[in-house]
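Q: Please take a close look at one part of this model: the packing of its helices. A connected account, with the criteria stated, would be appreciated.

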Amino acid sequence: MINNISIAIIGAGPAGLSAALELKKLGFDDLIVFEREDEAGGTPRHCGHLGFGIFEFKRLLNGPDYAKKLSLLAKEKNINIKLKSTLTKVENDILTFSTPEGIEQYKPTCTLFALGARETPRSDLLVSGGRSPNIITTGTLQRFAYIQKIKPFEKAVIIGSEIVSFSALMSAKHLGIKVEAMVEEKDEIESFCLIKYITKFLLNIPIHTGVKLENINTQDKNVKSITISKDGKNEEIVCDGVVFSGKFTPESSILQKSFIDFNTQNSSLNITQNFQSSKKGIFIAGNVTRGALAAFRCYFEGKKVASKIKDYLHFKSAQQIIKIEVDDSVAWYYPTMLDIKSPLDGHLTTLRLKNRAKGVIKIYLNDRLVGTKKVWAFPFISISIPWRDIELKEKDNIRLEFSADS
């Protein structure tokens with residue numbers, strides 16, 4: 001049996017629950033939130049450190065308390081959350097889920113994909129060496145620390161230096177695990193310098209930058225050490241656990257299988273400034289649009305997309321889409337399309353570059369330079385490109401290019 005509903009929200013993290021709460025406030029009762037995990041709340045459930053809730057609730061919370069707060073608000077508003085429900089197929093506007101009760105199918109008028117993002121595991125990074133259960137990601141370490149209360153190893157090396165890498169460091173400290181080193185392949189850490197100095201000088205944890213992880217050395221499936229190289233010289237760091245952190249990528253495999261209009265650079269669907277894809281009634285929001293951003297940003301994006309869903313359900317206006325192209329220096333960008341029948345929200349697009357760089361972002365309209373912005377770019381900081389009052393027409397072409405200072 002196929003169940004007809006108005007709104008389906010896939011994912012009960014900050015973006016999905018925030019959207020559901022806002023839609024409920026706007027008067028939409030016929031909605032269901034589907035979550036594959038056995039609890040709602042998303043990634044913050046695993047983050048035992050403080051740093052959540054200050055913008056949303058004016059209270060400083062740790063991750064689990066933040067997730068509980070969102071779940072409690074949803075419960076108070078009688079929002080239907082179906083847990084342990086994994087989306088397995090999207091076909092002919094029908095969503096198929098695997099649930100504890102069996103296969104269930106729904107046909108919503110509107111679907112919001114708020115699937116979140118995941119860290120890139122060792123297997124996707126093609127790192128050579130042995131296999132071991134003690135080679136994990138930050139997310140797994142956080143589950144050990146704050147949910148299962150398990151200490152998986154004694155001495156760890158953290159691979160990566162994004163902000164989440166320092167979350168891994170705090171999780172290790174919570175478990176009493178000694179962090180022997182942090183390893184980063186780029187010449188600079190992928191986070192704020194202050195964090196680097198705290199780690200290196202206050203916590204006495206060596207940070208190796210500009211190095212290559214050559215091998216994970218194991219014996220009988222136990223990690224013994226890692227081998228790194230720099231300038232042709234190898235160094236061995238003794239440890240019994242390896243934590244791969246960061247390099248977030250959207251949880252978008254189901255989107256790639258189900259929709260034609262997939263943006264490979266963002267690893268997600270092409271979307272307009274209204275969070276809407278080119279397929280009628282399909283919206284996406286949160287970290288599935290571009291990899292990891294802070295929970296509060298996903299929360300407020302969920303509120304925004306709720307208002308766009310409301311407009312769609314009330315008016316169902318046809319879109320008039322212009323796609324945006326970018327060069328290879330861009331890690332991700334939003335929106336990837338403009339609906340020129342809708343307001344452009346004051347800026348052309350938000351993006352992040354792959355590497356630290358100083359230069360100019362150039363905006364081209366039909367190969368004509370129409371705007372520039374000087375930037376000092378960091379991979380962990382978003383750049384907003386201001387929108388100029390340019391009349392756009394169907395079949396216009398927009399391209400963004402970055403030129404580094406010589």
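**Helix packing**

A: Helix α1 passes α8 in a right-handed crossing (the near helix is turned clockwise from the far one by less than a right angle). The model is predicted, with local features requiring pLDDT of at least 70 and side-chain atom pairs pLDDT 80 or more, while totals for chains, interfaces and linings use all residues. Residues are numbered from 1 along each chain as its sequence is written, and side-chain values use heavy atoms, without hydrogens or water.

α1 spans residues 14-25 and α8 residues 295-315 (helices being DSSP runs of H or I, at least four residues); their axes lie 7 Å apart, at an angle of about 40 degrees (lines fitted to C-alpha atoms over the stretch in contact; N-to-C angles from 0 to 180 degrees). From α1, P14, A15, S18, A19, E22 and L23 meet A295, C298, Y299, G302, K303, V305, A306 and I309 of α8 (heavy atoms within 4.5 Å). By class, this contact has 10 nonpolar, two polar and two charged residues (Asp, Glu, Lys and Arg are charged; Ala, Val, Leu, Ile, Met, Phe, Trp, Tyr, Cys and Pro nonpolar; the others polar).

Definitions and conventions:
Helix = DSSP H or I, 4+ residues; strand = E, 2+ residues; numbered from the N terminus.
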